[in-house]
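Biologist: I would like to learn how to read a structural model, one feature at a time. Can we start with the surface and then move on to the charges?

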Amino acid sequence: MIDLRSDTVTKPTAAMRAAMASAEVGDDVYGEDPTVNRLEQRAAEIFGKEAAIFVPTGSMGNTIASRLHTEHGQEVICEAQAHILDWEMAMVSAFSGCAPRTVAGERGVLTWQKIKPLISPKIYYRAQTGLIWLENTHNIAGGIVTPLPVLEEIWAGAKEAGLPVHLDGARVFNAASALSLPVAELTRGFDTVMFCLSKGLGAPVGSMLVGAKKHIDRARVFRKALGGGMRQAGVLAAAGLIALEEMPWRLHEDHANARLLAEAVAQCDEAEIDLGMVQTNIVIFKLKGGDASELVAALKREGVLASAIGPQTVRLVTHFDVSSEDCERAAEVLTQALRAVVV
C-alpha cells in the first residue's frame, strides 16, 4: 500500500532501530536517562532555547504549553481551524481552564492585524487574554507556511502587549525547509515551541517542548500530571536523536512529491485545488461532486491510502516512506479514481 494518510505512519529507519536496540537508558522520572538528556539538550541547542522536555505526543506538549502560560478563566487567541481546536480533545479548556478566542487567518495564516483586535481590554469583568497561539505549518490549511516577517510583527506586538506566544510547530521543520531558514531563526521570538519527532522527521514516538529553563522546569510538573512521566525512555529518545539530526535535510523531497500529487489533481476537472496552498508535504483538495469517503475507498482498492477530512474534502500527506515513484503511481490512481467516482 502507498500510505498517504499522514506522515505519522512512517516506520523507524534501520539506523533508528539499531540506535534503539543499543540505547543507554536510565529512569527518566529521576532525570537519569542519559539518552533522553542528550535529546533534550540537543533540541534546545538546535532551537536556540535554554531547555527542552521530551513528551510522548505533540498534543501533550501543546497541553503543557497552554497550562504554562495561562491562568484559569483566560482566553487563548488562535486560528479558527487550529489543531488545538479540532484534534486535541478541548484540553485547552479541560486542563488549562481557558476559552479559545478564534479568528480566521488569511489562508490559514494569522497576522498581527487579525490578532490585535481580539486582545481583551483590561476590564476586570472581561476574560483576559492569556496567550497567543500560532501553528506553523498549518495542518488543516494544507501545510501552509507563515513567513518570518509575519511572525516578527506578531512577536513585536505581543511583547508590547505583555503576552506570551506559543508555537504549535508539529511540522516546523517543514516550514523551515520551505523557507530555507534554520528553525532557530524561524522560532526565535516564541516563548515555547512544540515540535514533533514522529511526523516528517520519521521517529516512531515523541515530541519536544522547548523554551526557557523556568518554563521547562515547570513543564515537568504538568507532564507528570498528564501521566507523561516515562522511565527507560532512552529507547525512544535514541530514535528521536537520529530524527532530529538526520531527517530535516530531506524534507524538500516530501514537498516535491506533494507538488507532484497536487499538480495531478489540478489537471482533473472533477476536483478543486489551490496550488498556492501546497507549500510543504500536505495536499488538500475538494471534490466538485461525489463523496470523499467513496473516493478514499476507491483509492484503497487500488493500493493507495488517503484521508477524507470532510464530506467532499480529501487530504494526502507525503513522507519518508513514500518515494517519488510511489507518488507517481498514486497520482495515476487518483486521476482514474476521480473520473470514476465523481459525477
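Biologist: What is the accessible surface of the chain, and which share belongs to carbon and sulfur atoms?
Modeller: Keep in mind that this is a predicted model. The accessible surface comes to about 14,200 Å², and carbon and sulfur atoms hold 52% of that area.

Biologist: How many of the 343 residues are buried, as a percentage?
Modeller: A residue is called buried under 20% relative accessible area. In this chain, 57% of the 343 residues are buried.

Biologist: How do I read the overall fold?
Modeller: Begin with the elements: the chain has 14 helices and 13 strands. Its radius of gyration is 20 Å, close to the 20 Å from the globule rule for 343 residues, so the chain is as compact as a globular protein of that length. Along the principal axes, the C-alpha atoms fill a box of roughly 55 × 55 × 35 Å. Of the contacts with a separation of 6 or more, 74% are between residues 24 or more positions apart.

Biologist: How many positive and negative side chains are there, and how far apart are the centres of the two sets?
Modeller: The chain carries 33 positive and 41 negative side chains. The centres of these sets lie 5 Å apart.

Biologist: How many salt bridges does the structure hold?
Modeller: A pair counts when a side-chain nitrogen of Lys or Arg is within 4 Å of a carboxyl oxygen of Asp or Glu. The structure holds 15 salt bridges. One of them joins arginine 42 to glutamate 245, with the closest N and O atoms 2.4 Å apart.

Biologist: What about a pair within one helix?
Modeller: Take lysine 213 and aspartate 217, whose side chains form a salt bridge of 2.8 Å, N to O. They are 4 residues apart in helix α10 (residues 213-225), about one helical turn. Lysine 213 is partly exposed at 46%, as is aspartate 217 at 40%.

Biologist: Are arginine 250 and aspartate 254 buried or exposed?
Modeller: Arginine 250 is buried, at 3% relative accessible area, and aspartate 254 is buried at 0%. They form a salt bridge whose closest N and O atoms are 2.5 Å apart.

How values were computed. Residues are numbered from 1 along each chain as its sequence is written. This is a predicted model: local features need pLDDT of at least 70, side-chain atom pairs count only at pLDDT 80 or more; totals for chains, interfaces and linings use all residues. Side-chain values use heavy atoms; hydrogens and water are left out. Helices (H or I, at least four residues) and strands (E, at least two) are DSSP runs, numbered from the N terminus. The radius of gyration is taken over C-alpha atoms; the globule rule is 2.2 Å times the number of residues to the power 0.38. Buried means under 20% relative accessible area, exposed over 50%, partly exposed in between (1.4 Å probe, protein chains only). Contact means heavy atoms within 4.5 Å. Accessible areas come from the Shrake-Rupley method with a 1.4 Å probe; for residues, only the protein chains shown count as cover. Lys and Arg count as positive and Asp and Glu as negative; His and the chain ends are not counted. The place of a charge is taken as NZ of Lys, CZ of Arg, CG of Asp or CD of Glu.
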